[in-house]
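Please read the following note beside the sequence and the model.

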Amino acid sequence: MVRQNLAKPYQLAVVFVGAAALALSVIGFRVEHIGARFLLIVFLTIVASRFAVQIPRAATNITVTDAFIFLTLLLYGPEATVLLAAVEGTCSGLRASRRKLTVTFNIASAICATFLTAHVVRLGFGDSPAPDTSTPFSHVLALVCAMALVQYVAHTTIISVAHALKTDQPLWQTWTRHYLWSSITYVVGALVAGLVVRFGDTVGIYTLLLTVPPVVSLIYFTYNKYLEDIKLTAAQAEAAERERAEQAERHVEELSRYVAELERARAELQASKEHFQHAAFHDSLTGLPNRALLSSHLRLALGRVRRSDEHFFAVLFLDLDRFKNINDSLGHGAGDQLLIAIARRIEGVLRPMDTVARLGGDEYAVLLDSLSEEADATGFAERLQAELMKPFSLGGHEVYITASIGIALSTNGYDDPENLLRDADTAMYRAKEKGKARCELFDKLMHARAVALLQLENDLRRAIERQEFQVYYQPIVALETEKIVGFEALVRWQHPTRGFVPPDEFIPIAEETGLVAEIDQWVLREACRKVGEWHRLSPVNRPLTLSANLSSRELTHSDLVGRIKETLAETSFDPRCLKLEITESAVMDNAEAAAAVLARLRELGVRLSIDDFGTGYSSLSYLHRFPVTTLKIDRSFIGRMSEDTEKFEIVRTIMTLASNLGMDVVAEGVETHRQLAQLKLLKCEFGQGYLFSKPVDAEAAAALLARQVAGRKLFSTRVSGDLILPPASTYIN
Ligand code: C2E
Ligand code: CA
Ligand code: CA
């Protein structure tokens with residue numbers, strides 16, 4: 001800081017000394033020196049001062065003006081030289097800067113250095129130092145060296161000091177860095193001047209003076225051009241580098257923005273994952289994984305199976321047997337407790353890599369991962385069953401439960417978790433069919449069955465629109481008169497490739513898929529139309545009843561009553577002639593709702609029958625609550641009442657019950673004369689069965705009716721003699 005303050009006083013001092021030297025030189029200048037040659041030199045110096053070559057990496061310009069300064073020194077002595085230096089300094093000074101002090105300092109430093117050099121040369125080599133052709137080379141060399149060295153050292157030192165003070169840098173460092181190079185100018189300049197004077201007479205000097213500048217200019221421009229090219233290339237390289245750097249910076253910026261975005265998304269994902277786990281992926285009652293989570297575990301396990309041949313796993317589908325009884329008898333609270341306790345028991349027998357999920361209701365599924373043989377899966381299922389067989393304690397009650405288990409193995413080449421679960425489910429159903437409380441492995445046969453079922457389901461969907469259904473009519477007969485009092489409408493499916501498919505096979509599928517409502521509706525409309533026709537044919541036919549089956553699934557269907565009413569209106573069928581058949585269990589399973597629906601149907605005038613009576617459970621005490629007009633005794637009783645006294649007793653009891661409740665009775669499946677005789681003994685009014693007629697198509701049924709109208713005998717049911725009846729004690733009179 002202190003040194004920087006010295007810069008200005010130093011510059012002023014140099015200016016002062018320079019002014020003094022200039023003044024001395026002006027005083028000593030001899031006017032006769034001003035001739036054409038001198039003016040030419042001055043002119044060329046001014047022109048040459050315009051051209052300065054920048055030395056790369058050094059703050060120094062090289063000019064050819066030094067050569068003219070030295071030439072003047074040799075030809076005209078110190079005073080003229082100092083004046084020329086002042087002129088040259090002014091030109092190059094103004095080019096370098098506009099600041100007054102800098103310009104005057106530059107002029108002054110040139111004057112000072114030149115003044116010193118000129119006087120040193122005068123001191124060493126006399127008043128006329130100019131060599132001529134006789135001057136020995138050593139003398140010329142000494143002269144050249146002295147001129148160059150003094151001028152160089154003096155000039156660069158004066159400038160370096162100012163520079164060093166201004167920039168607060170050490171003098172030596174400043175000098176070597178910025179002014180070392182410029183020694184070339186001084187040496188070359190002095191050498192050119194020395195040689196020109198040594199060899200040239202006056203004419204020679206002129207020639208040289210006139211030829212040197214163009215050559216120098218040429219060199220100057222070429223060199224300058226070269227430097228500019230270098231600069232341009234460097235600038236381009238620099239620009240490219242800068243562009244690359246900026247690009248990299250932008251890239252880094254983008255990358256960090258992207259990373260931040262990812263980070264944010266990850267955090268959100270984690271949060272929502274956590275949110276969904278307690279919520280979307282778990283069952284709220286037991287805390288077990290739900291179907292969605294199990295599916296994703298299964299999907300991962302399937303992926304592992306695809307990657308490695310050694311790996312296989314099993315899915316167990318577990319359904320509790322008679323869980324409904326627990327709910328019905330102990331209440332839903334106890335049912336829930338049992339479901340939780342079962343979840344804990346299953347967890348208790350699992351290995352860490354296994355997963356148990358609750359699929360809903362009383363259904364659970366277990367993923368047994370990494371098994372080595374089939375027996376691992378069945379062994380586990382048996383252990384599980386044994387574990388569940390131990391009693392549960394629910395609110396002071398000891399409760400026993402069993403489970404049916406279906407197993408599907410990943411070795412069957414699955415790629416969808418849903419298919420695995422479906423097959424395990426199918427195997428579970430098989431276990432139920434085979435008597436519950438057991439375990440079944442899904443096999444090829446089941447697979448084929450499942451595929452066939454699926455096919456059947458698809459075909460069923462199209463059967464209605466393709467008109468593959470037909471209604472058959474089975475007569476219902478008054479046993480005493482053997483007259484047809486009505487018909488039961490029974491659906492028939494003529495499958496385009498499989499032929500006749502019995503209703504026992506497809507009605508359960510239709511019930512599961514919800515198609516049954518449509519089928520029943522169609523059958524009802526068709527039968528109402530047909531029986532209505534028969535009604536109109538003859539007054540004999542007028543009391544004919546039509547019995548139509550109503551699937552248990554439909555009973556709770558909201559628009560059932562409306563649909564039936566519509567069909568009756570559409571076909572102009574007398575509601576009092578319609579009997580709707582509902583199975584006992586359909587009514588009992590959902591007693592409250594069923595009672596309400598049945599009451600509304602009764603309001604339409606429609607009569608109601610309980611179908612397959614005797615096969616359901618706990619029905620008798622409820623029966624009077626329902627507005628039922630007819631009981632149809634299931635054919636399993638009728639079929640064996642002749643051999644089985646117990647069955648006969650049941651039929652008798654049902655008869656008594658019906659008469660107490662004021663209901664009609666229809667005996668189903670009457671096949672033999674003997675059964676007919678027994679039923680007559682029991683005072684059973686109506687019957688239906690192969691003994692009279694199998695279900696027949698509309699045409700055949702119409703033919704039967706025509707015979708009846710004509711008063712002809714319909715059935716050959718009379719047999720003579722040897723009826724062996726059950727013990728007389730069992731008869732009622
Ligand atoms: P279901 O309502 O008990 O119908 C009586 C069944 O017993 C009929 O079988 C009939 O052919 C058969 N049957 C009648 N007399 C005898 C006999 O003397 N001996 C024997 N062995 N069988 C006799 P089908 O037509 O095969 O129908 C079977 C079941 O399919 C029906 O039992 C009913 O539950 C259901 N079903 C039939 N048609 C329909 C329908 O249109 N809608 C609904 N929802 N179910 C229907
Ligand atoms: Ca029926
Ligand atoms: Ca029946």
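Which residues in α10 meet which residues in α14? The first numbered point after the conventions gives the answer.

1. Conventions. This is a predicted model, in which local features need pLDDT of at least 70 and side-chain atom pairs count only at pLDDT 80 or more, while totals for chains, interfaces and linings use all residues. Residues are numbered from 1 along each chain as its sequence is written, chains are lettered from A and ligands numbered from 1 in the order in which they are written, and side-chain values use heavy atoms, with hydrogens and water left out.

2. Helices α10 and α14. In α10, the residues R291, L294, S295, L298, R299 and L302 meet P417, E418, L420 and L421 in α14 (contact means heavy atoms within 4.5 Å). By class, this contact has six nonpolar, one polar and three charged residues. Ala, Val, Leu, Ile, Met, Phe, Trp, Tyr, Cys and Pro count as nonpolar, Asp, Glu, Lys and Arg as charged, and the others, Gly among them, as polar. The axes of α10 (residues 291-307) and α14 (residues 417-433) come within 9 Å and cross at roughly 110°; axes are lines fitted to C-alpha atoms, for helices over the stretch in contact, and angles run from 0 to 180 degrees between N-to-C directions. The two helices are therefore roughly perpendicular to each other (65 to 115 degrees; under 35 counts as roughly parallel, over 145 as roughly antiparallel and the rest as oblique).

3. Helices α18 and α20. The axes of α18 (residues 560-571) and α20 (residues 591-603) come within 10 Å and cross at roughly 20°, which makes α18 roughly parallel to α20. L560, V561 and I564 of α18 make the contact with V597, R600 and L601 of α20. These residues divide into five nonpolar, no polar and one charged.

4. The calcium site. E488 (OE), N549 (OD1), E581 (OE) and D611 (OD) coordinate the calcium ion (ligand 2) at 2.1 to 2.3 Å. Donors are N, O and S atoms within 2.8 Å of the metal (3.2 Å for Na, K and Ca); water is not among the atoms, so sites may look incomplete. D611 also bridges this ion and the calcium ion (ligand 3), and the two ions lie 4.0 Å apart.

5. Accessibility. E488 is buried, with a relative accessible area of 4%, whereas N549 is partly exposed, at 27%. Buried means under 20% relative accessible area, exposed over 50%, and partly exposed in between (1.4 Å probe, protein chains only). E512 is exposed, at 65%.

Conventions
Helix = DSSP H or I, 4+ residues; strand = E, 2+ residues; numbered from the N terminus.
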